[in-house]
Amino acid sequence: MDDVNEKAGHLLGLKEDELVAFVERLGEPKFRGRQIFAALNARRLRSFDEMTDLPKSLRATLSARATASTLTVESRYIASDGTRRYLLKTHDGLPVETVFIPEERRDTICFSSQSGCPLQCDFCLTAKLGLLRTLTAGEIVEQIIIALNDAYGAGQPTPHGTNLVAMGAGEPFLAYDSLMKALGVISAPEGLHIVANRVTVSTAGVVPRIRELARVEDRPHLAISLAAPDDELRNRLMPINKKWPLGELLAACKEFERSLRPGERFTFEYVMLDGVNDSDEHARQLARLLNRHELRAKVNLIPHNPADPLPYRPSTQERVQTFKAILESKGVHAFVRRPRGRDIYAACGQLAARRVEAAPEPKLYQLA
Ligand code: SF4
């Protein structure tokens, strides 16, 4: 099975020219490659059997040599606000989570880049799983296709456009190659056609990759998760800070900000933890930090989403508003992000395999 997925090919991980080369190696004409690429990505068909416009013999060869889908949907939950959360399983039995967030103007899909996560952010449920495996490009693309098909049906156009956010399980910059490859597949006009400008990648602060992205021509928007305004607190909340402390991180952010082109977004994320990082002094420190590095990026304040095994509570609404007002009084643009899908544990920092009591037939991976 590994061979099928990684070598002969999970075809969703291939760009159109790679798929054309693949079918040519099978002795087929180029146009078949383009046809299969469109069937997989534009029509979002998940098996070769559904591609009835291909000769039967070619479908049989494809089935023997490659695969069109490797993820299975273990469970699906729909929140009262319409947010859909999918617990998927890889071919080797690992959990993957994807969230579909319907919006009036443009739906958003939050996808995972890894199964579990190696970074031990203290406020994050996914961290408790540790790293199970980095996902392949095909597994990243497939998450988007599963969510779109569930919402709109295979072969059906998406009535709204789609935004993507790499804010599910995992640190996307530790899955950099898979991520960039997947974004290349996803952006193709003959396929899903979700261009880089519709994608936001959130990192806990992998400094070398931030610098690398600053040199990439066609790139997604970038968000940096801060969670603390000083090294001592950030070391505790986000241990990656011990490797790349705030001074180094913000210097890389400044380099990235200098590389911004018109229309590009670059933001900071600040999870608000009651009594931990949300005082007036924390707000003043955060403003001083950003101003000292002459960073103009806006700050998204994210009320923490409570999850039982974690010893954190969300800041009160009043606290969040006061924090925001202090940042703004110091010239820092701040916004409060509305939590979505809280009742099904689909909100930020809650993405981890866990049991949802109210859900039908839960077949979830329990936390240890
Ligand atoms: S917050 Fe993100 S980077 Fe940190 S442990 Fe959780 S999934 Fe990993």
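The expected span of a helix is 1.5 Å times one less than its number of residues, so let's begin with a helix. Helices here are DSSP runs of H or I with at least four residues, strands are runs of E with at least two, and both are numbered from the N terminus. Helix α3 covers residues 30-41, so its 12 residues should span 16 Å, and its end C-alpha atoms, 17 Å apart, agree with that.

Before going on, a word about what you see above: this is a predicted model, where local features need pLDDT of at least 70 and side-chain atom pairs count only at pLDDT 80 or more, while totals for chains, interfaces and linings use all residues. Residues are numbered from 1 along each chain as its sequence is written, and side-chain values use heavy atoms, with hydrogens and water left out.

Now the overall view. The protein chain has 12 helices and 12 strands. Of its 368 residues, 55% count as buried, meaning under 20% relative accessible area with a 1.4 Å probe and protein chains only; exposed is over 50%, and partly exposed lies in between. A contact here means heavy atoms within 4.5 Å. Among contacts between residues at least 6 apart in sequence, 66% join residues at least 24 apart.

Back to α3. Its buried residues include Arg32, Ile36, Phe37 and Leu40. What do the buried residues of α3 pack against? The partners are α2 (16-25), α4 (56-65), α5 and α6 (176-187).

Helix α10 can be read the same way. The 13 residues of α10, 246-258, should span 18 Å, and the end C-alpha atoms are 18 Å apart, which agrees. Among the buried residues of α10 are Leu246, Leu249, Cys253 and Phe256. Their cover includes α7 (207-213), β9 (221-225), α8 (231-237), α9 (240-243), β10 (266-272) and α11 (280-292).

Rings of Phe, Tyr and Trp (its six-membered ring) pair if their centres lie within 6.5 Å; planes under 30 degrees apart are stacked, over 60 edge-to-face, and the rest tilted. How many aromatic pairs does the structure hold? There are 5. One of them joins phenylalanine 100 and tyrosine 152, edge-to-face, at 6.1 Å centre to centre with 80° between the planes. This pair links distant parts of the chain, since phenylalanine 100 is in strand β3 (95-101) and tyrosine 152 in helix α5 (137-152), 52 residues apart. Phenylalanine 100 is buried because its relative accessibility is 3%, whereas tyrosine 152, at 21%, counts as partly exposed.

Phenylalanine 173 and tyrosine 176 have ring centres 5.8 Å apart and planes at 70°, so they are edge-to-face too. Phenylalanine 173 is buried at 2%, and tyrosine 176 is buried at 6%. Phe256 itself is linked by ring pairs with Phe266 and Phe268 into a cluster.

Charges can also sit over rings: NZ of Lys or CZ of Arg must be within 6 Å of the ring centre and within 35 degrees of the ring normal. Lysine 243 lies over the face of tryptophan 244, 5.0 Å from the ring centre. Lysine 298 lies over phenylalanine 335, at 4.6 Å.

My last stop is threonine 200, in strand β8 (199-203). Is threonine 200 buried or exposed? Its relative accessibility is 12%, so threonine 200 counts as buried. Leaving aside residues up to four places away in sequence, threonine 200 touches Leu164, Val165, Ala166, Met167, His221, Ala223 and Arg265.
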